[in-house]
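Hi,

Here is the model I said I would pass on.

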Amino acid sequence: MNKIVPGLREALAGIHDGATIMIGGFGNAGMPRELIDGLIDQGATDLTIVNNNAGNGDTGLAALLAARRVKKIICSFPRQADSYVFDGLYRSGELELELTPQGNLAERIRAAGAGVGAFFSPTGYGTLLAEGKETRLINGKNYVLEYPIHADFALIKALKADRWGNLVYRKAARNFGPIMAMAAKCTIVQVDQVVELGELDPEVIVTPGIFVQRVVKVNGVHA
Amino acid sequence: MKRFTRDEIASRVARDIPEGSYVNLGIGLPTLVANHLDPSREVFLHSENGILGMGPAPAKDQEDEDLINAGKQPVTLLTGGAYFHHADSFSMMRGGHLDICVLGAFQVSKQGDLANWHAGAPDAIPAVGGAMDLAIGAKRVFVMMEHQTKNGESKIVEHCTYPLTGMACVSRIYTDLAVIDITANGLVVLEMTEGLTLPELEKLSGVPLTAA
């Protein structure tokens, strides 16, 4: 078994129009820049994107939005000082937004990966973001029913991988990577380093290879 | 009227954080609290993006793109600190493991409802981030804010007019005029700026207050 693919083209092969794609990262930390640029070249359109944010500046996710490839974004914090690409598309009605509290976003992703059908979360109860959702009083506390977010693909960034797809991350760039890897049918990982089997200490592997389908090495700063 | 400065408010909050506490400081005014924590006491700062034991900003040219706080500014990790993924990070909040979180606010109601994520403008681009998870998750929620808006309206209100972040979640309010506990028996004033009287504070606040 060898999950290492030779380049971005092979890594992103088969991403279809209309796909739901999770993209890792919190701001720039953990954002898989090369995979996003590769996705723009690859050409898939009409995409639903799941990310914590909605792009900064003109590169990465913002460039994907600017290329008009995205119909809907599910995120917790789209508005930033330099989120002007998102802002413009959202105001003109060209981009649908599903706003989710960050912890519910994370748990909905985790639930998908864990095979959970839905869960009751206390977050957001009594707020605009719970309007229209089922609620339940459990042991004196109010909860909102939240459903998992499944994805066709996840594009994430890790520091190191081996050919079985075992991953370790770097610092706070880990963020959404491990749970998105669980939630997608096909998880595509860009790494700075590919190492031999056995080089990753089994006690510290963060994402076991079962959650990873393809690994591509990029010339990152920690290569 | 004498008012507490932002640093005085932050210092007052810092004094109320016991050694060994797990604490999340929200974006904006609450981040000032970190500068006032007594370095001889160990307090664990949590950052929603997967850090416990967060340290101060790095020296110039030591910034690391992979080590940032919730506001996406560069930070450091203290010796003994840890990284973890987002579902674990928000389990720390929702699961009630954080002792204290300190948040900014547009409004706090006398029942402790919090409004701090949406200014209510119909054309505003909404963004919530971790605000709602923090509001309902920590054992105690401290709010740091100016007592009044720029137009002189009280930010402590009967009922929030801005969209809510969480219901009945705030424990204590620190403002430039007072420190106020939200209790089952209403709002209890623990401290006021020098020279201010309870009736004067009550008039400025527009809600019933009692002395501790």
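**Where the chains meet**

30 residues of chain B are in contact with 36 residues of chain A, where contact means that the C-beta atoms of two residues, placed from the backbone, lie within 7 Å. On the chain B side, helix 2 (86–94) and helix 3 (131–137) are the elements that give two or more residues. Helix 2 of chain B has the largest share, with five residues. By type, the chain B side divides into 16 nonpolar, seven polar and seven charged residues.

Some housekeeping before the rest. This is a predicted model, so local features need pLDDT of at least 70 and side-chain atom pairs count only at pLDDT 80 or more, while totals for chains, interfaces and linings use all residues. Residues are numbered from 1 along each chain as its sequence is written, and chains are lettered from A and ligands numbered from 1 in the order in which they are written. Helices (H or I, at least four residues) and strands (E, at least two) are DSSP runs, numbered from the N terminus.

**The two chains**

Chain A has six helices and eleven strands; chain B has four helices and 13 strands. The radius of gyration of chain B is 17 Å, close to the 17 Å that the globule rule gives for 212 residues, so chain B is as compact as a globular protein of that length.

Of the 223 residues of chain A, 51% count as buried; of the 212 in chain B, 45% do. Buried means 20 or more other C-beta atoms within 10 Å of a residue's own, exposed means 12 or fewer, and partly exposed is in between, with C-beta atoms placed from the backbone. Among contacts in chain A between residues at least 6 apart in sequence, 76% join residues at least 24 apart, and the corresponding figure for chain B is 61%.

**The core**

The largest nonpolar core has 131 residues, and A:Met22, A:Ile109, A:Ala154, A:Leu155, A:Met180, A:Ala183 and B:Val143 have the most contacts inside it. A core here is a set of buried Ala, Val, Leu, Ile, Met, Phe, Trp, Tyr and Cys residues joined through C-beta atoms within 7 Å. Strand 8 (residues 151–161) of chain A gives the largest share of this core, eight residues. Leaving out residues up to four places away in sequence, A:Ala154 touches A:Met22, A:Met180, A:Ala181, A:Ala183, A:Ala184, A:Thr187 and A:Ile188.

In helix 1 (residues 6–15) of chain B, the buried residues are B:Ile9, B:Ala10 and B:Val13. They cover an arc of only 100° around the axis, which puts them on the same side of the helix; the arc is that of the directions from the helix axis to the C-beta atoms. The face turned away from that side carries the exposed residues B:Asp7 and B:Arg15. Among what covers the buried residues are strand 5 (100–103), strand 8 (140–144) and strand 10 (172–174) of chain B.

Helix 4 (residues 84–91) of chain A has A:Val85, A:Phe86, A:Leu89 and A:Tyr90 buried. Their arc is only 120°, which again puts them on the same side of the helix. Their cover includes helix 3 (61–66) and strand 4 (96–99) of chain A. After helix 4 of chain A comes A:Gly93, with a positive phi near 80°.

Three strands of chain B form an open sheet in the order 7-6-9, with mixed pairing; strands pair if DSSP finds at least two bridges between them. Strand 7 (114–115) and strand 9 (156–157) stand at the edges with a single partner strand each, so one side of each is left without a neighbour in the sheet. Strand 6 (residues 107–109) and strand 7 run antiparallel, joined by two bridges. B:Gln107 has B:Ala115 as its bridge partner in strand 7.

Cheers

Technical notes. Ala, Val, Leu, Ile, Met, Phe, Trp, Tyr, Cys and Pro count as nonpolar, Asp, Glu, Lys and Arg as charged, and the others, Gly among them, as polar. The radius of gyration is taken over C-alpha atoms; the globule rule is 2.2 Å times the number of residues to the power 0.38.
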